[in-house]
Amino acid sequence: MRPWLALRYLHIDFEEVRIPLFTPGYKEKLRAYSSAGLVPIYRDDDITIWESLAILEYLAEQNPRLWPKEPHHRAVARAVSAEMHAGFQALREQLPLNCRARRRRIPITANVGKNVSRIVEIWAQCRNLRRSEGPWLFGEFCIADAMYAPVALRFATYGVTVGSTAQEYIDTVMKDPYIARWMAEAANEDESIDAYEHIGNTG
Ligand SMILES: N[C@@H](CCC(=O)N[C@@H](CS)C(=O)NCC(=O)O)C(=O)O
């Protein structure tokens, strides 16, 4: 989703190859594109890039507006993007992305609680820098938003309660037309991942 969103924001045409995860033979199909065997994978002519943040950096080299203009804001945006890329393990494990699902409820363990508090703190810190210039983390959409949009979706799926600044950001993500398009495309898919589908599903 992260590179997909950035590509949409850049209005770059691309062909999407859909490989449903955890279905028979999916690893081999992924490995045919990249030996890492994980998504996302981006191909540009004969260049293949894996790892979402590396793909986003590659796009930013040709489209500098994917990072904030001011060097100081760029540095903060890079720091919070790296923090997302490398961390928040409890959140990843216990609140998997399930963007079709709503009203899922899970116990907020101590580690998930710490992750949520840190994310809310990051969002407030970023929003305070350029609040008047737009609703995204640094005013206009940037890579930090590509990194945190799926987190906002997780909060929406599992009904994570947050304060008004964080809720505003979740609302920005939920109202975004490209994210709406991603979710509409997801709604048309037949597959679901059993192990994730059961999480927080109280029927
Ligand atoms: N750090 C990597 C994580 C890649 C990753 O874990 N991708 C997951 C989906 S979000 C995947 O391909 N899972 C399939 C599998 O585990 O076999 C990135 O950000 O690109």
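## Ligand contacts

In this predicted model, a backbone N or O atom of V39 sits 2.8 Å from a nitrogen atom of the ligand. This is a polar contact, meaning a pair of N or O atoms within 3.5 Å; within protein, one must be able to donate a hydrogen and the other to accept it, and residues adjacent in sequence count only if both atoms are side-chain atoms. The ligand taken alone exposes 520 Å², of which the protein buries 64% (Shrake-Rupley method, 1.4 Å probe; for residues, only the protein chains shown count as cover).

Which residues surround the ligand? They are L21, F22, Y26, K27, L38, V39, P40, E51, S52 and H85, where being near means having a heavy atom within 4 Å. By class, this shell holds six nonpolar, two polar and two charged residues. Here Ala, Val, Leu, Ile, Met, Phe, Trp, Tyr, Cys and Pro count as nonpolar, Asp, Glu, Lys and Arg as charged, and the others, Gly among them, as polar.

## Salt bridges

Side chains of opposite charge can pair when their charged atoms come close. The whole structure contains 11 salt bridges, each a side-chain nitrogen of Lys or Arg within 4 Å of a carboxyl oxygen of Asp or Glu. One of them joins E70 and R130, with 2.5 Å from N to O. This pair links distant parts of the chain, 60 residues apart: E70 is in the loop between α3 (52-62) and α4 (71-86), and R130 is in helix α6 (residues 110-130). Helices are DSSP runs (H or I, at least four residues), as are strands (E, at least two), numbered from the N terminus. R130 is buried at 6% relative accessible area, while E70 is partly exposed at 30%. Buried means under 20%, exposed over 50%, and partly exposed in between (1.4 Å probe, protein chains only).

Helix α6 also supplies R127, whose partner E168 is in helix α8 (residues 164-175), 41 residues apart. R127 is buried at 5%, and E168 is partly exposed at 38%. In helix α9 (residues 177-187), E185 and R181 lie four residues apart, about one turn of the helix, and their side chains meet at 3.2 Å, N to O. A network of salt bridges links R18, E189 and E191.

## Aromatic pairs

A pair of aromatic rings is described by the distance of the centres and the angle of the planes. How many aromatic pairs does the structure hold? There are 12, counting rings of Phe, Tyr and Trp (its six-membered ring) with centres within 6.5 Å; planes under 30 degrees apart are stacked, over 60 edge-to-face and the rest tilted. The rings of Y9 and F141 are stacked, because their centres are 4.0 Å apart and their planes at 5 degrees. Y9 belongs to helix α1 (residues 2-9) and F141 to the loop between α6 and α7 (143-157), 132 residues apart. Both Y9 and F141 are buried.

F141 also pairs edge-to-face with W136, at 5.2 Å centre to centre and 90 degrees between the planes. W136 is buried at 7% relative accessibility. One aromatic cluster is formed by Y9, W123, W136, F141, Y148, F155, Y169 and Y178.

## Reading the values

Residues are numbered from 1 along each chain as its sequence is written, and side-chain values use heavy atoms, leaving out hydrogens and water. As the model is predicted, local features need pLDDT of at least 70 and side-chain atom pairs count only at pLDDT 80 or more, whereas totals for chains, interfaces and linings use all residues.
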